[in-house]
2 protein chains.
Amino acid sequence: MTPDTATVRARWARVQANLRAEGADAMVVVKPQNTFYLSGYTPMIYSHPVLVVLPAEGEPVFVLHALRAHSSRKVSAITDIRPYGRWAKEIGPDHWWQVLAEVMAERGLTDARIGIEGEFLPYNYQRKLAETLPGATFTDTGHALMRARYVKDAAELESLRVASEIADAGMDAALEAVAARRSEVEVASVAMRTMQEVWSSLHPDRLAMDFGNLEGGVFNALWSYSLIGDRVPMNSAPPTSRRPVDGEIQWTVIWTAIDGMHAENERSVAVGALPAERQRAFEALLAIREEVQPYLRPGLSCAEVYEAARESYVRHGYGDYLPGRIGHGLGLGPHEQPSLGPHDDLVLEPGMALTFEPNLRIPSFGGLQHSDSLVITEDGHEFLTHTRRDLIQV
Amino acid sequence: MTPDTATVRARWARVQANLRAEGADAMVVVKPQNTFYLSGYTPMIYSHPVLVVLPAEGEPVFVLHALRAHSSRKVSAITDIRPYGRWAKEIGPDHWWQVLAEVMAERGLTDARIGIEGEFLPYNYQRKLAETLPGATFTDTGHALMRARYVKDAAELESLRVASEIADAGMDAALEAVAARRSEVEVASVAMRTMQEVWSSLHPDRLAMDFGNLEGGVFNALWSYSLIGDRVPMNSAPPTSRRPVDGEIQWTVIWTAIDGMHAENERSVAVGALPAERQRAFEALLAIREEVQPYLRPGLSCAEVYEAARESYVRHGYGDYLPGRIGHGLGLGPHEQPSLGPHDDLVLEPGMALTFEPNLRIPSFGGLQHSDSLVITEDGHEFLTHTRRDLIQV
């Protein structure tokens, strides 16, 4: 399901306003999340570069391989599509930079100030841009585009709700598998199979796909992994055939992407009765969550939310185990900005989507972490994932 | 399952020989496939940069975030691990470039000729490298590393066999679903669920994961999609709830990754009896495959194999429908070099893994394509995928 044209046009306007504020005349966009954001189209494979030229005023132009001309014309909100390369009867210049040179000349942007995605654009691409447009100057406007993505539009929030619904269904299946003392891999695989079923039966015309890049790593669009006990501190690690022993904590991670929008649902589970130290830590983590949660509201900065968490960790005797952050943005990136950490001054606004995931990593027994997806509302926040959040014991 | 140390050390030696041949003193490696290739370790999430410094002589150094220190020490074949940032008791300098400066000074590489991955390294990273090492010069050695990856080692081939076995199981399930006239999404989802089961029950300690980057796009480690009739020319497109009608062709794509190694199995299926034009095209494609297949052997260049295909297409009356290539390399990238196209002079060698996938895209009814994974052997090739390759009608 791709967003309607009015939605995408509103995105152009937001990014264009940010470009003008930075004194950029146009932006050349290459990062898969961002070309999707500005067009509603993904070729899924990006080995042939996909570029959007977004002038600070006026309509954008889509530059992509002839192989993608047919499908992009059917889907993209950008109607000015310029292919390079050849595929059947579709024939353009050999290289993307030749098409780009034509577009920039047409739009009077040959000597312009051009925004790029400095954290993403490969070095060789930037060299090609500079050779192609020797009169142009270049400036990093990746953050200007990212800022436009912070507050989600209605289409994005709807996709996020579906992604969260699927994640919840996966977690239900995972919790049953943990109760049956299944292995890390079995828990993960059952969760993924369940999510596949829910997607294909209830949401067959939504995209269950992801992007490849440096922003948040890559994962399966409907993904799960599970780690037990002393393996939890590995954080993101492939699951294995290891089975839990009573008294251990199993941590199951579910990450989904629907229409490109990412949701997260992560749960720690006590396998049988916990030894006293683990029980105490689990209860403390739940108390910390409860104390910090009211700070998830408009008008507070990410750093202020984190500071509330810091005080809470210290009060509960876990000041030595303070995590680097207690949540992060969700969107076309699985771990996008902002960061609920000590250094992010961004002020929360309605429509921002975040995870809320204070954690405890205790060397003697592993770690604990629930993670929920939520959206900031006018007067607080609304959880999008709904699995029980208490001390789950199976 | 990660490769043993001897295997990884042999990879270092191959890449180092290529670096010396290019006059580079060291290479700074950032691309996820390549850091995995040189270490056997993946954090799965790459939002904190992971770097390998590989000197042209001597041992490599792993530079990664403190968050990854614990898991990389357990897994990586590189033992010299230098964290940046902080995570619990693990504390390094704040930024990767500070650690890099230390490493380069230790190794006497401050003013060296440094290889980079020009097609991948983000522009801002390259600027940081240049600022950090003002006396160094930089050269693109991405191809030098890629050349080392062409011929697969025993560990890689074993992983490829498992990836192919799982792909075959997925295709069996998909073909049953097509026979039952299921929708595009249902075919894809059943294939993915089946592959999840095979992975978790038969190969629980193998990594079913993928990398995120520009090389080949991103997909689910055990992925499938299916397109019907006039949707086939969209090539890589999300499946929908569309169901086939008798006389149409359904094309199902399965791509898997095990231990990072990618396999492909794609099949076109006649849904019921085909109209004459489609039947003729399907038979011609099978004949073309049969005629070209003997050219998949050591000593011939990719371009020579393609030329054999060109002649065969023309002979069968489909010279107007010649694809851009008829196969591509498989490995840590799903579509890695070489390319079985007209411009690749690379000579095939035993141990190279490829797809073989001549196709026909005919505007009037869509398209046709079987794709198999294979490895070049001493005297020809061996198919790794084993689904029937004839005119499949269900």
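**Aromatic pairs in a predicted model**

Tyr225(A) is buried, with a relative accessibility of 2%; buried means under 20% relative accessible area, exposed over 50%, and partly exposed in between, with a 1.4 Å probe and protein chains only. Before going on, the ground rules: this is a predicted model, local features need pLDDT of at least 70, side-chain atom pairs count only at pLDDT 80 or more, and totals for chains, interfaces and linings use all residues. Residues are numbered from 1 along each chain as its sequence is written, chains are lettered from A and ligands numbered from 1 in the order in which they are written, and side-chain values use heavy atoms, with hydrogens and water left out.

Now the rings. Rings of Phe, Tyr and Trp (its six-membered ring) pair if their centres lie within 6.5 Å; planes under 30 degrees apart count as stacked, over 60 as edge-to-face, and the rest as tilted. That rule gives 18 aromatic pairs over all chains. Tyr225(A) belongs to strand β9 (residues 222–228) and Trp255(A) to strand β10 (residues 249–258), both of chain A, so the pair ties together parts 30 residues apart in sequence. Trp255(A) is also buried, at 5% relative accessibility.

Next, Tyr318(A) and Tyr321(A): their ring centres are 6.2 Å apart and their planes are at 55°, so this pair is tilted. Tyr318(A) is buried at 5%, whereas Tyr321(A) is partly exposed at 25% relative accessible area.

Back to Tyr225(A) and Trp255(A): together with Trp223(A) and Trp251(A), they make up one aromatic cluster.

Charges over rings come next. The criterion is NZ of Lys or CZ of Arg within 6 Å of the ring centre and within 35 degrees of the ring normal. In chain A, the charged end of Arg297(A) sits over the ring of Tyr295(A), 6.0 Å from its centre. In chain B, Arg389(B) lies over the face of Phe383(B), at 3.8 Å from the ring centre.

Finally, chain A as a whole. Its secondary structure comprises 10 helices and 18 strands; these are DSSP runs numbered from the N terminus, helices being H or I of at least four residues and strands E of at least two. The C-alpha atoms fill a box of roughly 70 × 45 × 35 Å along the principal axes. Of the 394 residues, 65% count as buried. Which share of the chain A contacts with a separation of 6 or more comes from residues 24 or more positions apart? It is 67%, where contact means heavy atoms within 4.5 Å.
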